[in-house]
Amino acid sequence: MIQSETLELLEWPRLCQHLSTFAATKLGATAARQLKIPDSQAESEQLLAQTKEVYQLESRLTTGLSFEGIQDIGDSLERAERSGILAGEELLAIATTLSGARNLRRVIDNQQDLPILTELVADLRTYPELEQEIHRCIDERAQVTDRASQKLGDIRVDLRRLRSQITQKLQNIIQAKSGAVQEQLITQRGDRFVIPVKAPQKDAIPGIVHDTSTSGATLYVEPHSVVPIGNQLRQVIRKEQAEEEAIRRALTEQVAAVKPDLERLLAIATALDLATAKSRYSFWIGANPPRFIQRQDQEIITLRNLRHPLLVWQQQHEQGQPVVPVDLLISPHIRVVTITGPNTGGKTVTLKTLGLAALMAKVGLFVPAREPVEIPWFDKVLADIGDEQSLQQSLSTFSGHIRRISRILEALGDGGEEQGAGGAGGAGEAGGAGGAGGAGGAGEKEEFIFRGSKNQSPCPQSLVLLDEVGAGTDPAEGSALAIALLQYLANHAQLAIATTHFGELKALKYEDERFENASVEFDESTLSPTYRLLWGIPGRSNALTIALRLGLKPEVVEQAKTQVGEASDEVNQVIAGLEAQRRRQETKAAEAQDLLRQAEILYKEVSAKATDLQEREKALRVSQEVAVQQAIAQAKGEIAQVIRRLQQGTPTAQDAQQATNALNQIAQKSQPAAPPKAKIGFMPKIGDRIRIPKLGQTAEVLTAPDEDGDLTVRFGIMKMTVQLADVESLDGQKPEPVVKPKPAPAAVTPPPSPPPAIRTSQNTIDLRGKRVADAEYMLDKAISEAAGPVWIIHGHGTGKLRLGVHAYLQQHPRVSHYEPAEPADGGSGVTVAYVQ
């Protein structure tokens, strides 16, 4: 009972309602609204794995996972099992559900690295032969088709013939007695064909009056001449109805025969839809997957930037206020956290946010917090939040809280009895981000309890959330009761979070290291809360400050301060100093973070420039090597020509001199010239004066050179775009050219030619004697393992197995086409499927 109360207090049904809007099917929406909370950590981890895999799958698909065609056929299955006859709409819904489930399985099977989802759909039976039989017998309007049976086809032919005869006879009567007819039309009353006759001239067309108009001026008469044919028509209609019912009964019996498999199919489709809804909802609220931790292994609860999911919904869906996140980092030895601070500061919202985060992780939802999200698996989440005052039950505020807390203690049971401080660290041990260091002042008795707890049973797994603990009664007694209750919870719950206004509870941290303080921040300048949670600092009373700023007489406030006492004032001053110190540290941390971010940006810029320089140098080196190789090749060719001229005839001294001169010219042309003394290059900037040698003009730079080396200049009243290489400074310096790296051409590797298709025992599957349902499973396995064509032996027989195989191949995504085998391989008794 208390756990159901807790779900209501945390507004869990409202979150489930939000989740249901992301479901694609009616069954999925119902399952989301009635979301079951797992009883074991293994089940929660299984659900989380499903959500992660669906999240991963939807990120790969362009349109997301489709549940088109899947309907709630549970009631139809129950009626079929009880020998009821399903209507055409129900049978059509079953067929579309089978098709939709098959598409789901195909999408999942075609993806890699989805072991949980693959295992979930492994046993999915979609019965394509049943789906085909329903579509053969029932059309898209949910009516039984003529091809459903030969008998029904013959009956429908008789019906059309009789209707045609009746229509023809009535048409002849209308033409012959046009004066007695009110309108030139043939209509129906019930299943009888009639014509509208003027009431005064009813004797002109004798027959049976089946209806009268409202005014009485028109009678709807079935002439005597068509009554016998109408009677025949009625008898044939009865035969048609009986045959349709027989066909639907036969289909219903086929459905009833596979009811367990269809119920399993429905359960799998619902589980997939629920996992998809969780994935989409988690993405929508910006949540991240949690990891369950073991606090006894010294792991810290880490929930940074944790946001209330209902407030996120309100912000995004209802244009609410921005959500202020909280940070919850709780060391493993902390068992109780007391949150203090003014009203409306966010204490209760923090309790609800943590409770919802624990429940979301249990049911397989992501948690709206920054990664990493690390939280224990709590077997129970118990809460006392709000006012349970009731005049009808004679319950005061205090009585209501105590009764609910009593139910919480009963739910905790005796599992944590005599736990002591089991889970507390040693005295003086540094606290985690939760802020609790060891008190260091515990007495010998407490030291003994801490040591003795190491050999006791494992700590309990419950999370307890208490709002305004001990409130509603005498402050002294309420404070004492709150202290005793929190000490009890430290021994019997894994984690307890309590909000309070009692100053005495703030001192528990310094007496027992399992306790920690936190407070909600309050801005005294604006008299409003900031909703930020401060760890390690207890909240201070702001009631007198708020009262003074709201206009209460100063003398009344001063008198109140004297009643509070100097000790309380000193404590508040200490707390104020701690808060100021914390703000200074946060400011310095933010400044350091900004410096780090700027350094990272600068590092990226420098790295990008260094990479660009390296690429430019590499491109320049490649171009130089190409030029050198071309020069060497040209020089070799010219030298070869000189040698051939010398070899022709008898060389003379004059020929030798000419050859020597030619070689010297080749050497001068091929060898790089000594670089001239280069002047320091410059880069034109906007406003500089430059010279354009080709035009013999000086100009003013209007735009800096772009990546192609183009810049805009102006001389006189003219503007023009020139190349960087065509300008120089007024003192003759040439600008550095812009070098654009040339990407290396990608090597094109021709695709390997496919190997010839050869039939072997490995790519041949024999389905003779199998049912279509069994053949589907064997075909799916063979195609998934195939790397080329698959020979499928189905024989001739009645042809039903061959039709089932062809229907399955036609809709399989990996089969490009199929055809009968060669006569030597079995001809039409064997089908070759070509797998992509």
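A residue is called buried when its relative accessible area is under 20%, exposed when that area is over 50%, and partly exposed in between, using a 1.4 Å probe and protein chains only. Cysteine 137 is buried, with a relative accessible area of 2%, and cysteine 16 is buried, also at 2%.

This is a predicted model, in which local features need pLDDT of at least 70 and side-chain atom pairs count only at pLDDT 80 or more, while totals for chains, interfaces and linings use all residues. Residues are numbered from 1 along each chain as its sequence is written, and side-chain values use heavy atoms, with hydrogens and water left out.

A disulfide is a covalent bond between the sulfur atoms of two cysteines. With a disulfide taken as a pair of cysteine sulfur atoms within 2.5 Å, the count is zero.

Rings of Phe, Tyr and Trp (its six-membered ring) pair if their centres lie within 6.5 Å; planes under 30 degrees apart are stacked, over 60 edge-to-face, and the rest tilted. The structure holds six aromatic pairs. One of them joins tyrosine 55 and phenylalanine 366 in a tilted arrangement, 5.6 Å centre to centre with 45° between the planes. Tyrosine 55 is partly exposed at 30% relative accessibility, whereas phenylalanine 366 is buried at 3%. Phe22, Tyr281, Trp284 and Trp313 form one aromatic cluster.

A charge sits over a ring if NZ of Lys or CZ of Arg is within 6 Å of the ring centre and within 35 degrees of the ring normal.

| Charged residue | Ring | Distance to ring centre |
|---|---|---|
| Arginine 189 | Tyrosine 220 | 4.0 Å |
| Lysine 362 | Tryptophan 377 | 4.7 Å |
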